[in-house]
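Subject: Structure handover

Hello,

Here is the structure I said I would pass on. Please open it before reading the notes that follow.

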Amino acid sequence: MPKLLVQDSGPLTTVQDRGRFGYQKFGMPTAGAMDKFSYKIANLLVGNKEEGVLEYTYNGPKLKFEQDAIIAVTGAKSEVKLNGKNIKMWQSQYIKKGDILQILPSQKGLRGYIAFKSGFNLPETMGSKSTYLRADLGGYEGRKLENGDVLEINNEVTKKNYTFKSLEKAYRPDFSKNKIRVIMGPQDDYFTKSGISKFLEGEFKVSNQADRMGYRLEGPKIEHEDGADIISEGIAEGSIQVAGNGKPIIMLADRQTTGGYTKIATVITVDIDLVSQKKPGDLMFFEKIDLKSAQKLLNKRKEIYKSIKKQNRELTDSKHYNIKINGEKHEVELREIIQ
Amino acid sequence: MQIKYKVAGDSALLIEFENKIAPEINNEVRKMYLAIKNKEICGVEELIPAYCSILLLYKPIEITKSKLVEKLNTLKNNLEKFNIEKPDVIEIPTVYGGEYGPDLDYVAEYNNLSKNEVIEIHAQRKYLVYMLGFTPGFVYVGGMSEKIATPRLDKPREKINKGSVGIAGSQTGIYPIDSPGGWRLIGRTPLNLFNPFREPPFLVKAGDYIKFKKISEDKFEKIKKEKAKIGRVKNA
């Protein structure tokens, strides 16, 4: 089976897919990619539907390929080197046996994704390949990658399997944006008027306590009307909990499934990805939008996904010939269409 | 039955029942949960039932919120006709005291009881599982006797073995995975409340009852060995 060697893992590189669903009622967090748009695009660019990808954090890994592969790198903006030469992000790339891929520290954003055509040969745990670090399960032996690990890719590829695909520039996310759109509730009525306006008008900074589970923010104290505790209930991804100290916490991929703190608002799905790309020290603001607008934005993504799938029939490799017909010189380009 | 719907982001709806922790309210949650599950509404992805609420996760591209609420209301209004199965009672074999439950002495002393009395009281009732949460497979149960209520440790332990049975205030519970924690440990069960390589991975679900049963150390080891055989499927 095709292999790749992890020469340098980077500080936190894990295998993630869309997440582990169906077990939240048993207290099982979903885990899964933090920036789901970048994750999804990476897979689509290499022609996968949903496969486990590598999610790296700030410093990308250095990988040596022992077989040909087709990959795509998306997410945080970094210099991506193939055998020391820059290659582009947000597009599919053919990798030859012996190539070395290295991803330098991110310049914008925090998390990057590398998808491999046909995915990793790893077992699914409870229906998913996502690593959930707190219970040591899923992904690669339930842990983050370490130097010297060897990953197996499901199928061998040749040039014939390669289709050039890229995400249009207009669709690429801008991780320097810091306006986070939210839908108020479900417990916005537990806060004072001044608490609500501080939340919507204040500036918040990502604290050092920011990980895959959630981001604690520093900022103006958001006051409750009458205490921060509620009877424990389910927590949706992107929920913004405010505990008694008035500091918000945005609940992310590895969040616990239930909790007993008031939730002032919920980050809209498309902006959860942007939150996930923020690092400690980064600033953010919240803007209230309505449910319909948020759902419209979410549905728009399907169009972007479709546009990449359509590139399936794109023209690929070309060969150039100079031929003579009836004494007239013609330059001919021959291309192969791969479905 | 009164329920309220609250928006919890663009892909989740919170269904709220009367805001209190009580078996009768939790029973309404369970009924509604089973009714929704049974109906298999297109676009509904997952349900997280809790003490007095259900968080419903849905795909807005497949169903709108208003359509969803309409369907939920229909279900709610016909709930009385809906035939629900009886809750399961799951027996939790437990070794009490000694190295399995190092705080049993303290719990007895704190409540002016003998160790045997604590065990008897703890294992006597069946406890309603209101919900799961906190860590994979952690059960929030209710109904423990106040006679054995004991405050948490001042300083939590760094590592508690999975299967440990503890008391915190007037709550009792079981640690499903090795984790830090501050509960007073009175015993341990050899059962795996959570095993990702088993189908189903979780032993207990919301709405079930659990009942502790005192067993000997020998029995504990015997059950543990049997479980280990099942565990080997992992590497098969």
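Leaving aside its neighbours within four places in sequence, which residues is Leu56(B) in contact with? They are Ala12(B), Leu13(B), Ile15(B), Val44(B) and Leu47(B). Please keep in mind throughout that this is a predicted model. Leu56(B) also matters for the next item, the core. The largest nonpolar core has 146 residues, and Leu56(B), together with Ile71(A) and Ala115(A), touches the most other members.

Chain B in outline

Chain B contains 5 helices and 13 strands. Its C-alpha trace spans about 55 × 45 × 35 Å along the principal axes. Chain B has 236 residues, of which 40% count as buried. If you take the contacts in chain B between residues at least 6 apart in sequence, 61% of them join residues at least 24 apart.

The two domains of chain B

Chain B is split into domain 1, residues 4-81, and domain 2, residues 89-235. The centres of these two domains, taken over C-alpha atoms, are 30 Å apart. Where they touch, domain 1 of chain B contributes 7 residues and domain 2 of chain B contributes 6 residues. On the domain 1 side, helix H1 (residues 23-39) of chain B gives the most, with 3 residues. Sorted by class, that side of domain 1 has 5 nonpolar, 1 polar and 1 charged residues.

The sheet in chain B

Chain B has an open sheet of 7 strands, in the order E7-E6-E13-E5-E12-E9-E10, and the pairing is mixed. Which strands stand at the edges? They are E7 (139-142) and E10 (171-174) of chain B; each has a single partner strand, so one side of each is left without a neighbour in the sheet. From one strand to the next, the twist averages 40°.

As a reminder, strands of a sheet pair through backbone hydrogen bonds, either parallel or antiparallel. Strand E5 (residues 89-96) and strand E12 (residues 184-188) of chain B run antiparallel and are joined by 2 bridges. For Tyr96(B), the bridge partner in E12(B) is Gly187(B). Helix H4 (residues 115-124) of chain B lies across E5, E10, E12 and strand E13 (209-214) of chain B, and runs at about 150° to E13(B).

Where the chains touch

The contact between the chains takes 38 residues from chain B and 34 residues from chain A. On the chain B side, strands E1 (4-7), E2 (12-16), E3 (44-49), E4 (53-58) and E6 (127-132) each supply at least two residues. E3(B) gives the most to this side, with 5 residues. By class, the chain B side has 25 nonpolar, 7 polar and 6 charged residues.

One residue of chain A

Ile183(A) is found in strand E12 (residues 179-184) of chain A. Is Ile183(A) buried or exposed? Ile183(A) counts as buried because there are 23 C-beta neighbours inside 10 Å, and the cut-off for buried is 20 or more. Leaving aside neighbours within four places in sequence, Ile183(A) is in contact with Ala265(A), Thr266(A), Ile268(A), Ile289(A), Leu291(A) and Ala294(A), and also with Val7(B), Gly9(B) and Asp10(B) from chain B. Ile183(A) and Tyr215(A) are 32 residues apart along the chain, and their C-alpha atoms are separated by 18 Å.

Regards

Notes: Residues numbered from 1 in each chain as written. Chains lettered and ligands numbered in written order. Predicted model: local features only at pLDDT ≥ 70, side-chain atom pairs only at ≥ 80, totals over all residues. Domains from an automatic or database assignment. Contact = placed C-beta atoms within 7 Å. Helix = DSSP H or I, 4+ residues; strand = E, 2+ residues; numbered from the N terminus. Nonpolar A, V, L, I, M, F, W, Y, C, P; charged D, E, K, R; others polar. Pairing = 2+ DSSP bridges. Axes fitted to C-alpha atoms, helices over the stretch in contact; angles between N-to-C directions. Core = buried A, V, L, I, M, F, W, Y, C linked by C-beta atoms within 7 Å. Buried ≥ 20, exposed ≤ 12 C-beta atoms within 10 Å, placed from the backbone.
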